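Take a look at the structure below. This briefing walks through its parts, topic by topic.

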Amino acid sequence: MSTSSDNLPGSSASSFAELSHHSITFIGNDALVRPEASSGLTWNNIHYRVPTKPKGFGKRATESRTLLNNISGAVAPGEMVAIMGSSGAGKSTLLNALAGRLQTGTLSGQVLYKGVKRDPRLFKKQVAYVEQDDLLYPELTVKETIQYAATMKLPSRDFSAESKARRVNDVIEWLRLTETTDTMIGDSMARGVSGGERKRTAIGVELVTDPGFLFLDEATSGLDSNSALHVCEVVKSLCRARHIGVLMTIHQPSAKIFNLFDKVILLCKGDVVYAGPVAESVDYFARLGYVCAQHENPADFFLDLITLDHTNSERLAKSQARIDSLISSFQLKANQDSKPILTILPNPKEKPESTKPPLMTVVSAGWALPWLRELAVLLDRTWKAQTRSHFRIIAMAIRPLITGLFMGFTFFQLETTQSSIQNRVGFLFFIPIDLAFGVVVPMLTTFTLQADIMTRERSGGAYRVSSFYLAKFLTELPFWLLFNAVYLTVIYFLAHLQYDAIKFFTYLGICLMHVVVSVSLGLAIGSVFRNVHVSQMLAPLFINIFLVFSGNLVNFDDITPVLSWIRYISFITYTYQALSRNEFTGLHFSCDNPATESAVGCVLTGEDVLTKYSLDSFSIGTCIGLLGALTVAFHLITYICLRWKAKPRYLWI
Ligand SMILES: Nc1ncnc2c1ncn2[C@@H]1O[C@H](COP(=O)(O)OP(=O)(O)OP(=O)(O)O)[C@@H](O)[C@H]1O
């Protein structure tokens with residue numbers, strides 16, 4: 001149940017003051033440990049195995065590799081816990097196992113949130129997961145990015161527009177982003193916010209729902225030491241002030257960052273080497289005979305201890321023996337401790353967190369907005385992103401301009417002689433090919449990024465696939481239609497196709513329908529492959545196949561039946577035939593030498609041209625109908641793939 005608390009003092013300036021206060025109450029030792037591990041996240045005997053790669057082609061995997069070996073622990077609200085270990089230790093695997101984001105392999109054990117088994121649909125709304133790659137719209141500002149997240153994630157039935165706006169301001173203040181609210185996120189083309197600000201914005205997107213728990217995967221990777229420290233300090237402040245449990249994987253933190261954590265889980269090849277308070281970690285290892293020098297960064301010291309030394313076989317064996325003994329020592333300690341590994345008694349001096357004013361949080365598993373409202377918000381966001389992408393718009397405009405001039409002057413003022421027939425056919429064949437390549441390939445760049453953002457947003461239950469998809473389609477279309485309509489008009493008159501209003505508008509209609517199919521094909525290819533490089537490499541292959549089966553390069557009757565069906569899904573065929581029908585019907589051609597007018601081989605009418613080139617199988621109406629049917633088919637493929645890939649089956653315990 002939600003509680004209405006729009007004006008609670010935990011919001012806006014007061015919450016910032018609280019945060020500032022907390023940000024200076026940094027790590028003491030056990031002073032920061034919360035008693036309520038059971039109200040946070042607890043896990044017992046997490047065991048995860050994946051099948052190993054089969055030896056030999058076509059053989060099934062019969063062996064498996066253990067990536068997590070019976071790991072137990074807990075993170076209480078208001079605690080910040082680090083998962084550390086060398087590369088491949090299993091940090092991300094453990095984080096994903098606890099966040100419910102593993103897809104393959106066998107996972108066993110128990111994970112409880114607030115003391116009970118998690119409901120997958122509710123859990124993803126109760127917690128936040130910040131991925132390593134900050135997938136954000138580069139064209140939006142920091143404030144807009146967080147604003148859209150709030151609009152889409154906070155249910156309109158519980159949150160008024162004002163309370164959503166207040167929440168956005170709160171989050172911006174929590175994350176100390178007030179100075180950069182109106183700065184674009186940016187990308188490699190257009191410089192935007194700094195790496196640290198970008199990461200904090202990515203965290204802000206997840207924090208708008210005021211989640212009870214925060215998972216962070218490599219939150220500091222790629223950041224310089226100052227930005228990394230700032231990000232961790234901000235997260236620490238939030239963790240305290242909002243009483244959020246934080247579990248974070250981290251690579252080689254500086255000593256300052258390391259000391260921000262309440263507890264640390266040190267992993268080596270899926271085994272725990274140490275899990276407990278940061279403040280006790282140095283003493284723990286010292287008791288085992290591994291003394292960290294006073295000025296050495298304990299994080300570096302521990303990582304050296306738990307990393308295999310591959311310099312030579314002797315050192316490898318020695319380091320392996322050391323790690324094995326550290327794992328055994330910790331298991332012994334864990335077995336001796338009757339309490340759960342990470343749960344530590346409360347410090348009575350600590351002010352109880354329950355006095356913190358709660359914000360209204362999202363607790364229902366349903367959609368936050370009705371479908372139409374969701375579509376309107378996504379249309380607005382995608383439209384902003386499209387129209388602000390200046391380089392892209394310029395490129396979208398330049399391509400048809402250059403091709404138009406090139407085409408127009410190559411096929412300049414076509415005549416009605418015999419030799420012009422070939423030129424006219426070539427011209428009409430080139431149009432659908434050029435439109436297909438010109439639309440499908442470039443649109444994959446933005447689509448694959450936006451589809452990845454959709455997957456991230458949907459993993460938090462933000463919106464439906466259908467509204468994302470429709471918004472993308474409807475915002476892509478106007479650009480392609482507009483620029484290509486200009487180009488198609490210019491080449492029509494430069495090439496001197498039939499000067500007849502009906503013929504011109506029919507030509508334009510057919511071509512624009514072809515643009516619609518091409519956009520739909522681009523979406524389908526992008527959603528099947530989802531990777532920008534793979535889809536941009538394969539898109540020309542598909543278009544080329546459609547091109548070969550379009551009827552101009554190979555005689556349909558000679559195609560093997562195994563492949564001949566492809567011609568029915570070749571949209572180039574239908575556009576080419578419809579354009580040819582439209583243009584050639586009613587045209588008369590002269591023989592180059594009037595004396596040979598009756599000679600064999602001299603084609604006198606456009607209808608004869610259609611017959612000669614086998615372009616008379618379908619009427620214009622049929623071609624347009626078939627283009628419409630292919631559009632629907634491509635949309636279906638897109639929708640199914642997006643839905644299927646955006647809703648992966650996660651392992652759940
Ligand atoms: N689905 C999988 N199938 C096979 N092996 C996997 C799978 N997922 C992870 N691994 C392997 O498990 C080990 C741990 O991976 P994980 O990503 O958790 O490491 P990590 O500690 O986060 O490393 P890094 O810091 O380099 O990201 C690695 O050796 C990785 O190759």
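Predicted model: local features only at pLDDT ≥ 70, side-chain atom pairs only at ≥ 80, totals over all residues.

**Two domains**

- The protein splits into domain 1 (12-54 + 61-339) and domain 2 (371-527 + 570-645).
- Between the C-alpha centres of domain 1 and domain 2 there are 49 Å.
- The two domains do touch: 14 residues of domain 1 are in contact with 17 residues of domain 2.
- On the side of domain 1 that touches domain 2, α3 (120-126) and α4 each supply at least two residues.
- Helix α4 gives the most to that side, with 4 residues.
- Sorted by class, that side of domain 1 has 6 nonpolar, 2 polar and 6 charged residues.

**Helix α4 against α12**

- Two packed helices are described by the angle between their axes and the distance between the axes.
- Helix α4 spans residues 142-153, and helix α12 spans residues 371-388.
- Their axes come within 10 Å and cross at roughly 170°.
- That makes α4 roughly antiparallel to α12, because angles over 145 degrees count as roughly antiparallel.
- The crossing of α4 past α12 is left-handed.
- From α4, the residues Y148, T151 and M152 meet E374, V377 and R381 of α12.
- This contact of α4 with α12 holds 3 nonpolar, 1 polar and 2 charged residues.

**Helix α4 against α6**

- Helix α4 also packs with helix α6 (residues 195-207).
- Here the angle is about 20°, and the axes of α4 and α6 are 9 Å apart.
- Helices α4 and α6 are therefore roughly parallel to each other, because angles under 35 degrees count as roughly parallel.
- The crossing of α4 and α6 is right-handed.
- V142, T145, I146 and A149 are the α4 residues that meet E197, T201, G204 and V205 in α6.
- By class, the contact of α4 with α6 has 4 nonpolar, 3 polar and 1 charged residues.

**Around the ligand**

- How many residues surround the ligand? There are 14.
- The closest are S87, G88, K91, S92 and T93.
- Which helix supplies the largest share of the shell around the ligand? Helix α2 (residues 91-99) does, with 3 residues.
- The shell around the ligand divides into 3 nonpolar, 10 polar and 1 charged residues.

Technical notes. Residues numbered from 1 in each chain as written. Axes fitted to C-alpha atoms, helices over the stretch in contact; angles between N-to-C directions. Parallel < 35°, antiparallel > 145°, perpendicular 65-115°, else oblique. Left-handed = near helix turned anticlockwise from the far one by under 90°. Contact = placed C-beta atoms within 7 Å. Nonpolar A, V, L, I, M, F, W, Y, C, P; charged D, E, K, R; others polar. Near = placed C-beta within 6 Å. Domains from an automatic or database assignment.
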